[in-house]
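Please look over the model below before reading the numbered points. They go from the whole chain down to single residues.

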Amino acid sequence: MAEPATPPAVSPAVSPAVSPAPGSAAGPSVAALGRALSAEYAAVYAYGVVGGRTKGALLARATAGFDAHRARRDQLRTLITQRGGTPTEPGPSYGLPFEVRTPSDAVRLAVLVEQRVVTAYLELAADRDPALRRLAALAAQESATRAYGWQPEIGAFPGMPGRDTGSTQAGPPDTAEPDTAQPDSGSPDSTETGTTEASTAQPEAGLPDATPSGS
C-alpha cells in the first residue's frame with residue numbers, strides 16, 4: 001500500500017503546490033487547486049504512516065483512505081496542468097505533529113488528516129468555476145465521512161450542551177485491533193505542538209497544511 005519515502009511533516013503554513021508554466025497566467029483557481037494538492041500530498045504520506053501502524057480491519061480502512069487521496073492527488077495535478085500551471089512535487093521529507101507508535105496513534109492521525117483536508121478544500125469550494133466548487137464539496141464530504149468512520153463522534157455545536165462527562169466517550173469503530181488501546185477521544189487538534197521525526201521506514205506524503213522540511 002505504502003509508497004516509500006523519507007520521514008513525514010507538519011507546519012501551519014502551506015506553499016501552493018503549483019508553479020506557473022512558462023508564458024502562462026495561472027489564476028486564482030490554479031492557486032486554490034495547488035493548496036488542495038498540498039493537502040493531498042500530505043494525506044497520502046500520512047496514510048502511509050497510518051498503514052504502517054495498523055493491521056486487519058484498520059489496515060483495510062487505511063488502504064482505502066490512501067487510495068482515495070492518491071486518486072484526488074492525481075486529479076488535482078491534471079486540473080492544474082489543464083489550467084496552465086505546473087504542479088510541484090511533494091517534499092522529500094515531512095514531520096508529524098506527534099509520534100505514531102500504536103494503532104491508537106494511527107487512528108488519531110487519520111482523523112486529524114481528514115479534518116485538515118476538509119479545511120484545505122474550503123477555498124476551492126468558493127471558486128467561480130462550478131465544476132471546481134462541486135469537486136471541492138465532494139472531496140470535503142468524503143474526508144468528513146472518513147474522519148467519522150475512524151472516530152465516530154461529533155463535537156457539541158456552539159451554544160449546545162456538551163457531552164455528559166459521566167458517559168463513555170466514543171473511540172474508533174469496532175474495527176479496532178484486539179489487545180490495543182483505543183485512540184484518545186479528545187479532538188485530534190490537541191495542544192501538542194512539537195514536531196517529532198518519524199522513523200525512516202515510513203512512507204510518502206505529510207500531513208495536511210504541511211510544508212517540506214527538506215529539499
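**Notes on the model**

1. At 1% relative accessibility, Tyr47 counts as buried, where buried means under 20% relative accessible area, exposed means over 50%, and partly exposed lies in between (1.4 Å probe, protein chains only). This is a predicted model, in which local features need pLDDT of at least 70 and side-chain atom pairs count only at pLDDT 80 or more, while totals for chains, interfaces and linings use all residues. Residues are numbered from 1 along each chain as its sequence is written, and side-chain values use heavy atoms, with hydrogens and water left out.

2. The secondary structure of the chain comes to five helices and two strands. Here helices (H or I, at least four residues) and strands (E, at least two) are DSSP runs, numbered from the N terminus. Read from the N terminus, the order of the elements is β-α-α-β-α-α-α. Of the 215 residues in the chain, 44% are buried.

3. How many aromatic pairs does the structure hold? The structure holds one. The ring centres of Tyr47 and Trp150 are 6.3 Å apart and the planes are at 40°, so the pair is tilted. By the rule used, rings of Phe, Tyr and Trp (its six-membered ring) pair if their centres lie within 6.5 Å; planes under 30 degrees apart count as stacked, over 60 as edge-to-face and the rest as tilted. Tyr47 belongs to helix α1 (residues 28-52) and Trp150 to helix α5 (residues 130-150), so the pair ties together parts that are 103 residues apart in sequence. Trp150 also counts as buried, at 1% relative accessibility.

4. Trp150 has a charge over its ring: the charged end of Arg61 sits there, 5.6 Å from the ring centre. The test is that NZ of Lys or CZ of Arg is within 6 Å of the ring centre and within 35 degrees of the ring normal. Arg108 lies over the face of Phe98, 4.3 Å from the ring centre.

5. Helix α1 has 25 residues and reaches 37 Å from its first C-alpha to its last, close to the 36 Å expected at 1.5 Å a residue. The expected span is 1.5 Å times one less than the number of residues in the helix. Of the 25 residues of α1, 21 are buried, so this helix is largely enclosed by the rest of the structure.

6. Helix α5 has 21 residues, which should span 30 Å at 1.5 Å a residue, and its end C-alpha atoms are 30 Å apart, which agrees. The buried residues of α5 include Leu132, Leu135, Ser143, Arg146 and Trp150. What do the buried residues of α5 pack against? They pack against α1, α2, α3 (103-120) and α4 (122-125), with contact meaning heavy atoms within 4.5 Å. At the start of α5, a side-chain oxygen of Asp129 comes to within 2.8 Å of the backbone nitrogen of Ala131.

7. Helix α3 is mostly covered, with 14 of its 18 residues buried. Glu114 is found in α3. Is Glu114 buried or exposed? Glu114 counts as buried, at 0% relative accessibility. A polar contact of 2.9 Å joins the side chains of Glu114 and His69. A polar contact is a pair of N or O atoms within 3.5 Å; within protein, one must be able to donate a hydrogen and the other to accept it, and residues adjacent in sequence count only if both atoms are side-chain atoms. Not counting residues up to four places away in sequence, Glu114 touches Tyr47, His69, Ser143, Arg146 and Ala147.

8. The loop between α1 and α2 (56-82) holds Thr54, and Lys55 lies in that loop too. Thr54 is buried, with a relative accessible area of 9%, whereas Lys55 counts as exposed at 55%. The side chain of Thr54 reaches the backbone oxygen of Val50 at 2.9 Å. Leaving aside its neighbours within four places in sequence, Thr54 is in contact with Leu59, Ala62, Pro103 and Ala106. Lys55 and Pro103 are 48 residues apart in sequence, and their C-alpha atoms are 8.3 Å apart in space.
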